[in-house]
Amino acid sequence: MVVKNDPTLMFTNAGMNQFKDYFFGNAKPPQARIADTQKCLRVSGKHNDLEEVGHDTYHHTMFEMLGNWSFGDYFKAEAIDWAWELLTQWYKIPADVLYATVFEGDPAGGVEQDAEALALWRQRLPPSHIIFGNKKDNFWEMGDTGPCGPCTEIHVDLRPDSERRAADGAALVNQGTPTVIEIWNLVFIQFNRKANGSLEPLPAKHVDTGMGFERLCMLLQGKTSNYDTDVFQPIIGRIAELCGQRYGSDPKRDVAMRVVADHLRAVSFSIADGQLPGNVKAGYVIRRILRRAVRYGFTFLGFSEPFLCKLVPVLVQQMGAVFPELAAQQELAEKVIAEEEGAFLRTLEVGIRLLEAEVEKLQQAGKSQIDGHTAFVLYDTYGFPYDLTELMAREKGFTVDQPQFERALEEQKSRSRNAAVVETGDWITVGEASSAQPAHRFVGYDGCEADARLLRYRKVKSRGKELYQLVLDATPFYGESGGQVGDVGYLQCGEERVAIVGTQKENNLTVHLAEQLPGKVAAPLHAVVDADKRTATANNHSATHLMHFALREVLGKHVEQKGSMVSPAGLRFDFSHFQKVTDDELTRVEQLVNKLIRRNSPLVEHRGVPMSEAKKLGAMALFGEKYGDSVRVIQLGSSVELCGGTHVQATGQIGLFKVVSEAAVSAGVRRIEAVTGEGAEKMLYSLQNMVKEVSAFFNNTPNLVAAIKKTIGENAELQRQVDAFMKEHLASLKAELLSRAVDKEGYRLVQLQMNMQPDALRELATQLRSAAPDIVLAAASLYADKPLLALALGDDLVKRGLNASAIVREAAKLMEGSGGGQPFFATAGGKNKDGLNAALQKMLELL
């Protein structure tokens, strides 16, 4: 479900994603006819807005797409015939409940009506069961450009006979009626959409069909909701058991249970496929789905502690046999989900406190509406959902300015869209690959240079910068994939040199990024990779394999790779381990890796071996990676892994390995960052120089550690003496201030203007309050050239309703500051020290 090597997608959102190379002509399919089931994830687009999932009975975030495919083989007649046969003869679905939609044509776009599909359906359905659809519903496109074509959808009417007799089902097709739904979509890919919007016929025509597994279960099990089938009911039953509520007893709780059941599947399968929740890109999508489930559980089902993690065993029991990756990663999924739930529940607590403080402030000001900007800040900065803000506001008699919130949200979305806009031109073909050699072949395992020819190119524009994407017939440039960054270098064309600023993999096609085109695009080229950067990257990649082996030796065989990144600068390695790696363990890992480096084990490489043979060699498949039938095995001493990256010829080339840091990434996942070779040397030099500088402060003593410990001890003793003196001084100051307190109406005022440490001022306030319940301390201090305002109220004044926090917050505005605290004690800092006296006077006036 997690997409690799496709910059246009983060997740598989349709069954055809994995076959894009075949549609584009970049690769040949293993067979001309294929049938499959594909895990998909959708959180946006037609009918798939995340916020709507759970409110109806048949849309989901994660779902299985059943498909059959023809790559230049059968076409419309066979696809329609077989779909009809399967539904009516094998699944025994009555023909009179089926409807078909056919593309009506688009004269403006120069596309005729799909007359062939229409004729084929007329052989099977009466005219009243054939509906014409427009370009939006019945013309499928992969994107703004690329393969496309008309589609025909098969819909089923699930209503009781009495309702079907009373109202024509044709009028309900594609109208959002939950009992008249699409069951199967047959797409006929016969055109290519160019960048200028025009269409050209494809040399080979393809078929792409998709039928939702969950909807098919609903149909065959005689249900009217996907959530009533055995796909979802075991999960919903466990949710009901945990929250003590019955599914079907309350509409809002029912929606919440559907949301939780759906989102559990999406999050669990994503983690099993290698995508952990995070703050950016795909990780953020998963975190957003998970948090929506927690929010519904918190708001409508009464869950105040992690609960999603308790549902994972039910999902694994139900689907683990079909999807073994789910069972293999069960422990990781449970721990990651539990930690994410706990973190978000704590976030909700913070949001509740902030919202309550905002309501209190508005009540004091006599207002009854929370502005939309505040709601947006709660949503955007603290992850506090808008509907929860609205619910809590309503409970306290407040409203929320929803239009203002929606404007702020749309502005943010617009900024994100503009930042992500990529204008892509059409591919311009320059030449064809030699029939004697595979097209677009990678030759970089054997060297950093190669003769090549430009096959095609196109212009792309992103964030105002124009680049050219170049495809060569052969290339030594490694395209970014498998955690390894792409190569840089240049193309030599006679006297001209074209810089390659990056290399990417796009659907297994190696794409070179250049700021300019070669002057003669058809001329022979010589491709040259930056050898120094390639060597440094290879050092780090091979060291990653050695470190993986060492971690399993030192920590245990439970350690599995959960992500990696290797570049010329260093390496980053994420792995499963459920506690912090100790300093001693890190040292042992480091020592073992360097021992393996010194052995100078040669690279043993097995290219294009069957997966079964690779397993016999002891190769370890890596978490989240997708492998074909033929794989590459990298052996470096005792380390044996499946890998497509570039490596050293012998481990001694790495030179030296040094860990930079170790930290947690998420529950059960740790991260180590490290450097090798020249990078490790630089790190050691830096540490050595730092020790020399520190030693100089201690007169280059031979025992630096002892000298530092002695200084820390002496400092602690001096601090103890200062604290004792300060305590004595504050007690004396307290007595003096109490004797000088001015009697006011109902309280005694101590006004203080003295430069004091904030901690000392707080201690003084505490002592004064404990000595006299009717005391007020109003203080202004300029400490370290920063203005500080403080107000302490005795218990008698707090009982009368005075609030130090509200008074200080208002007075601080006169020194361009802000602050807060408790009703009995509050402080504020400011930017303008010249306004400190005015702020003190304002505080006294408000008091």
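## A buried methionine

Met-62 is buried, and its relative accessible area is 0%. Keep in mind as you look at it that this is a predicted model. The residue belongs to strand β2, which covers residues 62-71. Leaving out residues up to four places away in sequence, Met-62 touches Met-1, Lys-39, Cys-40, Leu-41, Glu-214, Asp-262, Arg-265, Ala-266 and Phe-269. If you want to see how folding can bring parts of a chain together, find Leu-326 too: 264 residues separate Met-62 from Leu-326 in sequence, while their C-alpha atoms are 14 Å apart in space.

One of the residues that Met-62 touches is Arg-265, so let us visit it next. Arg-265 sits in helix α8, residues 251-272. Is Arg-265 buried or exposed? Its relative accessibility is 0%, so Arg-265 counts as buried. Beyond its neighbours within four places in sequence, Arg-265 is in contact with Met-62, Phe-63, Glu-214, Val-231, Phe-232, Ile-235, Leu-315 and Met-319.

## The whole chain

The chain contains 24 helices and 34 strands. Its C-alpha atoms fill a box of roughly 105 × 80 × 55 Å along the principal axes. Of the 847 residues, 48% are buried. Take the contacts between residues at least 6 apart in sequence: 67% of them join residues at least 24 apart.

## One side of helix α2

Helix α2 runs over residues 76-90, which makes 15 residues. From its first C-alpha to its last it reaches 20 Å, close to the 21 Å expected at 1.5 Å a residue. Which residues of α2 are buried? They are Lys-76, Ala-79, Ile-80, Ala-83, Trp-84, Leu-87 and Thr-88.

What covers the buried residues of α2? The cover includes strands β3 (98-103), β6 (146-157), β7 (180-193) and β8 (199-212), along with helix α3 (115-122). Just after α2, look for Lys-92, which takes a positive phi of about 60 degrees.

## A histidine in a loop

His-129 lies in the loop between α3 and β4 (130-133). With a relative accessibility of 11%, His-129 counts as buried, because the cut-off for buried is under 20%. A polar atom of the His-129 side chain is 2.8 Å from the backbone oxygen of Leu-98. Not counting residues up to four places away in sequence, His-129 touches Asp-96, Leu-98, Tyr-99 and Ala-100.

## A hairpin and its other partner

Strand β18 (residues 489-493) and strand β19 (residues 496-506) run antiparallel and are joined by 5 bridges. Within this pair, Tyr-490 has Ala-499 of β19 as its bridge partner. The two strands form a hairpin with 2 residues between them, and Gly-494 in the turn has a positive phi of about 65 degrees.

β18 also pairs with strand β21 (residues 525-529), in the antiparallel sense over 4 bridges. Here Gly-489 stands opposite Val-529 of β21.

## Two open sheets

An open sheet of 3 strands has the order β24-β25-β26, and its pairing is antiparallel. Its edge strands, β24 (603-610) and β26 (639-642), each pair on one side only. On average, and ignoring direction, neighbouring strands here are turned by 20 degrees against each other. β24 and β25 (residues 630-636) run antiparallel, with 6 bridges between them; Glu-605 has Ile-634 in β25 as its bridge partner. Helix α16 (residues 531-555) lies across β25 and β26, at about 115 degrees to β26.

A second open sheet has 6 strands in the order β29-β30-β31-β32-β34-β33, with mixed pairing. β29 (742-743) and β33 (817-821) stand at its edges with a single partner strand each, so one side of each has no neighbour in the sheet. β33 pairs with β34 (residues 825-830) in the antiparallel sense over 5 bridges, and Gly-821 has Ala-826 in β34 as its bridge partner.

Definitions and conventions
Residues are numbered from 1 along each chain as its sequence is written. This is a predicted model: local features need pLDDT of at least 70, side-chain atom pairs count only at pLDDT 80 or more; totals for chains, interfaces and linings use all residues. Side-chain values use heavy atoms; hydrogens and water are left out. Two strands pair if DSSP finds at least two bridges between them. Axes are lines fitted to C-alpha atoms, for helices over the stretch in contact, and angles run from 0 to 180 degrees between N-to-C directions. Contact means heavy atoms within 4.5 Å. Buried means under 20% relative accessible area, exposed over 50%, partly exposed in between (1.4 Å probe, protein chains only). The expected span of a helix is 1.5 Å times one less than its number of residues. A polar contact is a pair of N or O atoms within 3.5 Å; within protein, one must be able to donate a hydrogen and the other to accept it, and residues adjacent in sequence count only if both atoms are side-chain atoms.
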